[in-house]
Amino acid sequence: MHVHVLQHVPFEGLGSIEEWLLQRNMTISYTRLFESDQFPPLDGIDLIIALGGPMSVNDEETLPWLPAEKRFIAEAIAEHKAVLGICLGSQLIANALGAKVYPAAEKEIGWFPIVAEPAMLDGLAFPAKVDVFHWHGETFDLPEGAIHLASSAACRNQAFQVGSRVIGLQFHLETTPDSADSIIRHCADELVPQRYVQSEAELRNASPANYVEINALMAAILEYLVCDID
């Protein structure tokens, strides 16, 4: 199975996803937008993972590769490829499918719970409540036809899916202690005290069990996305 990763900044990588992919002998390729704006042909790609980043999907004037990335994602979805979007990646999926992305009422940075929306027969089942790692200041409307999967006190639209092969997660289930350290070191200026913004000490105080729980949920979502791919 061939996985193509859309990486927007060097300090936001695959986290726990990388081990999951390697354990299954999956081939991994990258478009690193901070180095190149070249996108591969979709032929032979089974899963696309769009990672996070501090930019906005609306920054097209300053980031000229954004329209091409959105087209690439939209074409992948139209061709029934499996697509996973994380944080910025979820916003890219929403925007590529015609939904608006805009500043949220409040930033959400830290370990805060998400709550599952009522389960639908054809939707992914989330845990009723789970503490996850957030780092976002924007939100999005749900794309037309999307299933709403999860919400939080700070942000209504936290997770959604389109069909059985497209999932957007506003939060980070792939976070490991190392990847949390990386984003904290590079984005510490965003840790301005607010109702849903934790301090650096609080961010770093997560227990090993927190990481085990979210990484296991990330693995379950990946299994869901690829279970019917030959």
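Author: Helices here are DSSP runs of H or I with at least four residues, and strands are runs of E with at least two. On that basis the protein, a predicted model, has six helices and nine strands.

Reader: What makes the protein as compact as a globular protein of its length?

Author: The globule rule is 2.2 Å times the number of residues to the power 0.38. For 230 residues the rule gives 17 Å, and the radius of gyration is 16 Å, close to that value, so the protein is as compact as a globular protein of that length. Along the principal axes, the C-alpha atoms fill a box of roughly 45 × 40 × 35 Å. Buried residues account for 54% of the 230 residues. Among contacts between residues at least 6 apart in sequence, 75% join residues at least 24 apart.

Reader: Why are β2 and β6 said to stand at the edges?

Author: The nine strands form an open sheet with mixed pairing, in the order β2-β1-β3-β4-β9-β8-β7-β5-β6. Both β2 (27-32) and β6 have a single partner strand, so one side of each is left without a neighbour in the sheet. Neighbouring strands of this sheet are turned against each other by 20 degrees on average, direction ignored.

Reader: How do you know that β3 and β4 pair?

Author: Two strands pair if DSSP finds at least two bridges between them. Strand β3 (residues 47-50) and strand β4 (residues 82-86) are joined over four bridges, in the parallel sense.

Reader: Which residues of helix α4 are buried, and what covers them?

Author: In α4 (residues 177-187), the buried residues are A180, S182, I183, I184 and C187. The term requires a relative accessible area under 20%. The cover over these residues includes strand β6 (129-140) as well as helices α5 (200-204) and α6 (208-226).

Reader: Why is V192 called partly exposed?

Author: Buried means under 20% relative accessible area and exposed means over 50%, with partly exposed in between. V192 has a relative accessible area of 44%, which lies between these limits, so V192 is partly exposed. This residue is found in the loop between α4 and α5. Its C-alpha atom is separated by 9.8 Å from that of I109, and the two residues are 83 residues apart along the chain.

Reader: What is the accessible surface of the protein?

Author: The accessible surface comes to about 10200 Å², and carbon and sulfur atoms hold 51% of that area.

Methods: Residues are numbered from 1 along each chain as its sequence is written. This is a predicted model: local features need pLDDT of at least 70, side-chain atom pairs count only at pLDDT 80 or more; totals for chains, interfaces and linings use all residues. Side-chain values use heavy atoms; hydrogens and water are left out. Buried means under 20% relative accessible area, exposed over 50%, partly exposed in between (1.4 Å probe, protein chains only). Contact means heavy atoms within 4.5 Å. Axes are lines fitted to C-alpha atoms, for helices over the stretch in contact, and angles run from 0 to 180 degrees between N-to-C directions. Accessible areas come from the Shrake-Rupley method with a 1.4 Å probe; for residues, only the protein chains shown count as cover.
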